[in-house]
Amino acid sequence: MVSIMAGNYDFTQLNKEKIAELLAQDDFSAVYEAADKVRRSNVGNTVNLRAIIEFSNVCRRQCTYCGLNRGNKELQRFRMGHEEIVNTAKLAIQAGYKTIVLQSGEDDYFTKERMGRLIEDIKNIEAPFETAVTLSIGERSYKEYKYFREKGADRYLLKHETADAKLYAGLHPCGTFEERIECLKILKELGYETGGGFMTGLPGQSLYTVAEDILLLKKIGCDMAGIGPFISNPKTPLKGEKSGEPELAKRAVAITRLLLPKANLPITTSLSVLSEAETPGGQHENPFNFGANVIMKKVTPDKYKHAYEIYPAKLSRTDIVKDRKELERSILRYGRIPL
Ligand code: SAH
C-alpha cells in the first residue's frame, strides 16, 4: 500500500499500479486530503470561473457516447450567428468572466476564417482585463490550430476521452486515438494552454485504464484536464449502459492534482449533474475539497441550451449576471475566492 500520508512522498512518481491501487481503496480520505493540500500550495484558494458558450450542436462525428453525434436524428440542430455569439460573450465579460470558452460539435460551417473572426471579435471586447479565449471545437488541422492561435486563441480543450486505444476505437467509428494524441501534441507545440481529459465509468474501462488516463495527461504535459463520469444518453448507441459513479471521477481528479500540481482542473458539468442528482436539495459537501480549482458556467442562450444535449441534464434558465453572482457567493461560502 502506498503510504500517501508520509509527508515527503513524491506523488509525481506514482505509477500505473500504484494509481490503480489508490483508486480502489475503501477509504480514500487521505488522498483527498493530500490533493487538497497540493492544490492549496500550488494554485491557491482561488476558483477560476469560465463562461462557456455552446454555439453549435452540428457535428460530423459519430462518438457513440455523445448526444451530438451525427446519427442522432432526434436532436434539433442549431448554429448561433456571429453577432449572437459575440454578444453573448460581451454579456459574460460584463458580468465578470475573464475566460470565454467556445464549444461546439465538429461543425465544418465554422471554417478557419469564421472561427478567426469570432476569436478576434471576442478578444477585442472592451474589458478591464485581458479576456482569454478557450476553444473546444474538436479535431482540426495544424494550419487551422495555428491560425486560431495567431488570431488570439489562448487555450484549447480536447479530451483524449480514454487512453485505451482499443476502447477508443470502439467508441469512435470516426477517428483514431493516434489522431487525437497528434492534435494534442500540436496544440502544445503551438503554445496553447492545452486541456486533455477523459471520462470515467465508460463501459469496458478498468481502474488500470483510469490510471493510464491520468498518466497520459502528465505525459502530454496538459495544463488543464476535464475529468467527468460518463453519463448514458438514451439517444446514443450507448443507451442502456450504466452511467459512471461520480466518486470515481472525483478520485481521478484528486490523483491528477497530485501528479499535475499546477494544472487547472474543473469540476466538470457531468460531475455536478450526477452529484446533484444524488443529493437532491440536500446538504452538499464542499465541492472544492478534492483538488479542483475551476468551474465552467453555461451562458448559452436558453433557446439553444436545451438542444446542446451531450447527455441528459436538468437545466435552469440562464441569467448571466445573476448566475455569476450566485456562483461567486457559493464559492465564498466554501471559503474560496472566485476569480
Ligand atoms: N466536439 C468537441 C466538444 C464537445 S464534447 C470535442 O469533441 O472536443 C465535450 C466533451 O463532452 C467530450 O470531450 C466528452 O468527454 C464529454 N461527453 C460527451 N458525451 C458524454 C457523455 N455521454 N457523458 C459524459 N461526458 C460526455
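Leaving aside its neighbours within four places in sequence, which residues is Gly 152 in contact with? I began with this question, and I found that Gly 152 is in contact with Ile 119 and Lys 123, where contact means heavy atoms within 4.5 Å.

I noted that this is a predicted model, in which local features need pLDDT of at least 70 and side-chain atom pairs count only at pLDDT 80 or more, while totals for chains, interfaces and linings use all residues. Residues are numbered from 1 along each chain as its sequence is written, and side-chain values use heavy atoms, with hydrogens and water left out.

**Gly 152.** I located Gly 152 in the loop between helix H5 (142-150) and strand S4 (155-157); helices (H or I, at least four residues) and strands (E, at least two) are DSSP runs, numbered from the N terminus. Gly 152 is buried, with a relative accessible area of 18%; buried means under 20% relative accessible area, exposed over 50%, and partly exposed in between (1.4 Å probe, protein chains only). From C-alpha to C-alpha, Gly 152 and Lys 123 are 6.9 Å apart in space, although 29 residues apart in sequence.

**Cysteines.** I looked for disulfides (pairs of cysteine sulfur atoms within 2.5 Å) and found zero in the structure. The closest cysteine sulfur to that of Cys 59 is in Cys 63, at 6.1 Å, which is too far for a bond. Cys 66 is in no disulfide either, as its nearest cysteine sulfur, that of Cys 63, is 6.1 Å away. Cys 59 is buried at a relative accessible area of 15%, and Cys 66 is buried at 13%.
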